[in-house]
Every structure is written in structure tokens, then in C-alpha cells.
Amino acid sequence: KKKNWVTEFVKQSGASIFKGKDYTKFAVLIESKESEDYDDHLDEFTKAAKNFEDKVRFVYINTDVEENWQLIEFLGMIAEDVPCVLFIDLDEGLKKYKAEMNEITKQEITEFIQKCLKGEVMPFLKSDDIPEDWDKHPVVELVGKNFEEQVFQPKKTTFVFFYAPWCAACQNTMPEWEKLGELYKDKKKVTIAKMNSINNEVPGLPILDVPTLALFIKGSTTVGYFSSLKSLVLIKTS
């Protein structure tokens, strides 16, 4: 039986590709089948797969299929990024690595994956650009790019509302959050903030559900997690 070196992602069976027990590491080629380079790229991708048998599962995602974009965007890619090769590690949560390569060749793909396996590549984290008026309102707008600088401060406590634009519970919480911002807007040592957790990620802080409210207490490694303004769970983070 001929081995199928590359699995094409289809939404119906997609979850089983990434949730199977056989693999926790994946190489992903994202490209249109209409692209003039598609055949060459898939051929090079397939050749590279043979170097990582039983270690890394190779997956192809077709950008021509509209429903595939939900996954592509979840992985942090936009149309301008395509075609691209990613490495995904599910050993501890979800870590994504984006290949910076001149051409999609067997050699470049192989070298990229080897570096990822050795821990020599920085994970790719989604972030919006910092809005010009991010700190001009009672509730400041954080993004991935300015989160750590603004939140992990020794002399300031920051309360962050992680939301998703499509989340009804988040929309219901937002007016209350704005009121909280008004209440604390003149307090120098307290910041009330919000962050779109779909477009932005923070290293070591996976937000798996929305709404999530997180209290970062000045000079402390303890983060207080709330699912609403009325509940509180303290989770130790090292």
C-alpha cells in the first residue's frame, strides 16, 4: 500500500487530524490549488515529509475552500501570508511557528522543521497593530505587541477583559467593563484594559474561553481569573 505522506484537511474530518493520538507535531502547507506553483510546492512538501516519518504529520490546507479560512485565521494567517508553511506543536497547549523562506523547497522545509524540533525558532503569536488611541479611553485597548510591557509592571495592577467580537456574553459584559473603567480612570496605580483574544496572543498565557477577566496584581506572580465580574478563581502561575 502506497503511503499517504500528506493529509489534506477537510472540515468534516479536520478535528481528527489534529486530535489523533499518533501525532502532536504538524507541518502545514497553506496554498490555493489554483496557484501556478501549487504542484511544485506540494511535491517539495511531500519530499520533506519523508524525512520526518512518524515524528511530524504533514497537512495541506486548500485556501480555495471557504470554510477552511476559519482554521487558517485561527492559526493567525491572512490572505497576504499565503502560500506559507507552518509548524504546529500541540505538546503543551498550542505553539505555532511560521517559516520565513525564500522558496518552498524540500531543503528549506526540512531545515525549518529541524530548527523547530530543536527549539531554535520563536513561536508565532498573533497581534493587531497598536491602535493610535489605545490609551486615550478609560478602558485601554491592549494587543499582543504591547501586552507584556503594559501589564507586567511592578507598580501597577491591571485588570484585563479578554473578549471575542462575536461573543454575546462578552457584548453583555462590555458596558459593565466600561463603567469599571470610568470608576478607576483617575487611579494612577490601576489600569482597566481589554483585549481581543481572537486576534491577539500572549506567550505563556493561553486564553481558552471568552469572556475571561484576568487580574494582574502589581509585583505578584498570581493571576486572578474571573469568568464574570461576580466570580473569582486564583490560579498560581510561576
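## Basis

The model is predicted, so local features need pLDDT of at least 70 and side-chain atom pairs pLDDT 80 or more, while totals for chains, interfaces and linings use all residues. Residues are numbered from 1 along each chain as its sequence is written, and side-chain values use heavy atoms, without hydrogens and water.

## Largest pocket

Two or more lining residues come from each of α1 (11-19), α3 (69-74) and β5 (95-98); α1 gives the largest share, five residues. Helices are DSSP runs (H or I) of at least four residues and strands (E) of at least two.

By class, the lining has 23 nonpolar, six polar and nine charged residues. Domain 1 (7-118) and domain 2 (140-232) each contribute at least three residues to this lining.

## Helix α5

In α5 (residues 144-151), G144, N146, F147 and V151 are buried (under 20% relative accessible area, 1.4 Å probe, protein chains only). They lie on the same side of α5 because they cover an arc of only 155 degrees around the axis. K145 and E149, on the other side, are exposed (over 50%).

## Cysteines

C167 is buried at a relative accessible area of 6%, and C170 is buried at 2%. The whole structure has zero disulfides (pairs of cysteine sulfur atoms within 2.5 Å).

How values were computed: Nonpolar A, V, L, I, M, F, W, Y, C, P; charged D, E, K, R; others polar. Domains from an automatic or database assignment. Arc of directions from axis to C-beta.
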